[in-house]
Amino acid sequence: MRYSKFGLTTQKEVPAEAEIVSHQLMLRAGLIRRLTSGIFTWMPVGLRVLRKVEAIVREEMDRAGALELLMPAVQPAELWEESGRWDQYGNLLLRLRDRHERDYCFGPTHEEVITDVARKELRSYKQLPLNWYQIQTKFRDEIRPRFGVMRSREFIMKDAYSFDIDAEGLEASYQAMHAAYTAIFKRLGLTFRVVDADSGEIGGSRSQEFHVLAESGEDAIAYCDADGYASNVESAATLPFTGERAAPARDFEKVATPGARSIEQLCKMLSVAPEQTLKTLIVAGTDGPVALVLRGDHELNTVKAQKLPGVATPLTMADAADVIAATGCEPGFAGPIGIKVPVFFDHATAALSDFVVGANEVDQHFVGVNFGRDLELPATVDLRNVVAGDPTPNGKGTLSIARGIEVGHIFQLGTKYSEALGARVLNQDGKEQVLEMGCYGIGITRIVGAAIEQNNDENGIIWPDALAPFQVVIVPINLQRSAIVREASEQLYNELSSAGLDVLFDDRDARPGVKFADAELLGIPHRLVVSERGLANGELEYRQRRDTESRNIKREEALNLLQG
């Protein structure tokens with residue numbers, strides 16, 4: 001491809017609306033252009049990257065035995081009503097109505113549609129196992145689209161759905177997709193981890209996420225290399241306290257804490273550490289407020305909390321009136337002593353002695369509180385997010401925390417959708433049996449952003465070879481003024497292109513510095529510079545994108561180097 005014919009426009013300045021590096025670089029390098037909030041046009045250079053992602057995904061899905069189809073993007077409301085998700089999915093669902101006043105949605109996912117296909121097409125266990133997949137545009141009406149393609153409203157996704165006669169078959173299909181996903185991300189050249197996760201609104205009994213590791217990742221991942229454990233923080237379990245608490249060392253008393261409504265304010269006023277305090281959160285319950293008690297420095301895990309008996313879903317904080325009814329005072333000074341609502345204590349609270357809690361009175365706290373003397377400790381539960389240094393769930397290792405970007409998610413759905421929509425086949429005994437389903441998604445567009453988040457420097461993108469829009473860029477010096485350079489560059493371009501390499505020939509009439517800067521911004525893995533001085537010595541100047549210095553190579557070595 002000749003640069004002058006490619007219509008590529010790069011930008012020097014960082015766009016004001018771009019918050020993270022992938023969004024900044026995708027705009028600057030001309031990969032995408034914003035149409036409206038959360039919706040982007042993929043420009044030719046960006047589309048080249050996108051197609052390379054799709055090709056690898058498609059090859060590995062085909063290799064795993066999945067069959068490609070293409071389902072409609074617009075889906076009738078009746079299907080979603082059958083599954084119960086028309087109302088459950090909420091405002092993320094983009095709803096529309098046709099001229100006949102019939103309700104539809106622009107599909108954010110396709111469980112309902114594929115289950116409808118299965119109930120119409122599948123009749124016998126002999127047709128199983130079966131896995132259908134597609135690569136298609138989705139739409140989720142995010143309340144706050146941000147981070148470019150990382151959290152956009154319109155995006156491209158690969159979604160696959162497996163059908164089996166029993167749970168054993170589902171497990172085999174699930175493991176086949178796990179292996180395929182692992183192969184995909186290895187081929188893409190990305191550093192990733194597979195973590196246990198919550199199934200969320202998709203549902204099902206088991207799920208795992210594939211995360212590209214990057215400091216800008218929205219998700220926290222808990223892992224331990226020693227025992228191979230990895231989980232999304234929201235799903236990582238904490239263990240009950242089994243040690244011995246320190247004996248009480250101070251008296252129980254009530255102290256004035258005017259205005260200390262937060263843990264930070266309380267610790268500053270009393271000169272105590274957050275880990276020596278307990279915070280009591282009053283949340284909405286199915287039969288009235290519920291109290292959740294955690295260590296002051298720990299973060300409540302919403303997913304865990306809303307699974308507790310009596311806690312309303314989705315988890316919401318109780319309003320001021322309910323807090324007053326539960327504690328006898330306005331919000332900010334709640335504590336577990338004498339409270340008249342169900343109380344759940346996190347596991348970590350059981351290890352504390354001489355701690356501080358709210359006194360259920362405005363501007364008052366109790367200090368020197370101890371279990372067994374001042375407060376009865378019931379059985380504890382897992383309420384919080386894990387932190388670095390916590391033991392792994394099997395107790396044999398210690399957790400570390402990293403940031404990750406979710407780019408893939410696999411689910412064991414079981415019979416959630418097949419039961420609701422009546423997808424059944426005849427089993428070996430000739431009796432009807434509900435199908436076991438699996439669901440497997442990969443964010444095609446998100447992979448592009450995640451790859452940039454993981455691979456960049458101050459000069460631009462550093463593509464893994466498998467994703468680069470071009471493998472090599474030819475940069476001639478004085479192309480318009482030197483016949484020798486022009487002839488040698490054309491010959492090199494034709495030679496490399498004929499060998500099957502993706503080549504960008506920078507034939508612009510621009511300064512070398514401009515060409516070098518654009519090559520680095522675009523992240524092209526290999527750069528060959530053609531100059532009169534080099535040609536006089538039979539050499540080209542070569543630099544790999546990750547290198548800090550260039551080196552000279554013999555002209556005849558170029559093809560072997562790039563193919564090696």
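In which hand does H3 pass H7? Keep that in mind as you load the model. The model is predicted, so local features need pLDDT of at least 70 and side-chain atom pairs count only at pLDDT 80 or more, while totals for chains, interfaces and linings use all residues. Residues are numbered from 1 along each chain as its sequence is written, and side-chain values use heavy atoms, with hydrogens and water left out.

**Stop 1: two helices**

Select residues 44–63, helix H3, and residues 167–187, helix H7. Helices (H or I, at least four residues) and strands (E, at least two) are DSSP runs, numbered from the N terminus. The two axes come within 9 Å and cross at roughly 150 degrees. That makes H3 roughly antiparallel to H7 (angles over 145 degrees count as roughly antiparallel, under 35 as roughly parallel, 65 to 115 as roughly perpendicular, the rest as oblique). Axes are lines fitted to C-alpha atoms, for helices over the stretch in contact, and angles run from 0 to 180 degrees between N-to-C directions. The crossing of H3 and H7 is right-handed: the near helix is turned clockwise from the far one by less than a right angle.

Now show side chains. On H3, pick Ile56, Val57, Glu59, Glu60, Met61 and Arg63. They meet Met177, Ala180, Tyr181, Ala183, Ile184 and Arg187 of H7. Contact means heavy atoms within 4.5 Å. The residues of this contact divide into 8 nonpolar, no polar and 4 charged (Ala, Val, Leu, Ile, Met, Phe, Trp, Tyr, Cys and Pro are nonpolar; Asp, Glu, Lys and Arg are charged; the others, Gly among them, are polar).

**Stop 2: Gln208**

Go to Gln208 in strand E10, residues 206–213. Gln208 counts as buried, at 8% relative accessibility (buried is under 20% relative accessible area, exposed over 50%, partly exposed in between; 1.4 Å probe, protein chains only). Beyond four places in sequence, its contacts include His178, Val194 and His409. Its side chain makes a polar contact with the side chain of Tyr174, at 2.9 Å.

**Stop 3**

Most residues other than glycine have a negative phi, and most peptide bonds are trans. Select Leu128 and Pro129: their peptide bond is cis, with omega near -5 degrees. Then take Thr313 and Pro314, also joined by a cis bond, with omega about 0 degrees.

Next, find Phe147 in the loop between E7 and strand E8 (154–164). Its phi is positive, about 65 degrees. Phe147 is buried, at 13% relative accessibility. Finish at Asn360, where phi is near 60 degrees. Asn360 is buried too, with a relative accessible area of 10%.

Note on methods:
A polar contact is a pair of N or O atoms within 3.5 Å; within protein, one must be able to donate a hydrogen and the other to accept it, and residues adjacent in sequence count only if both atoms are side-chain atoms.
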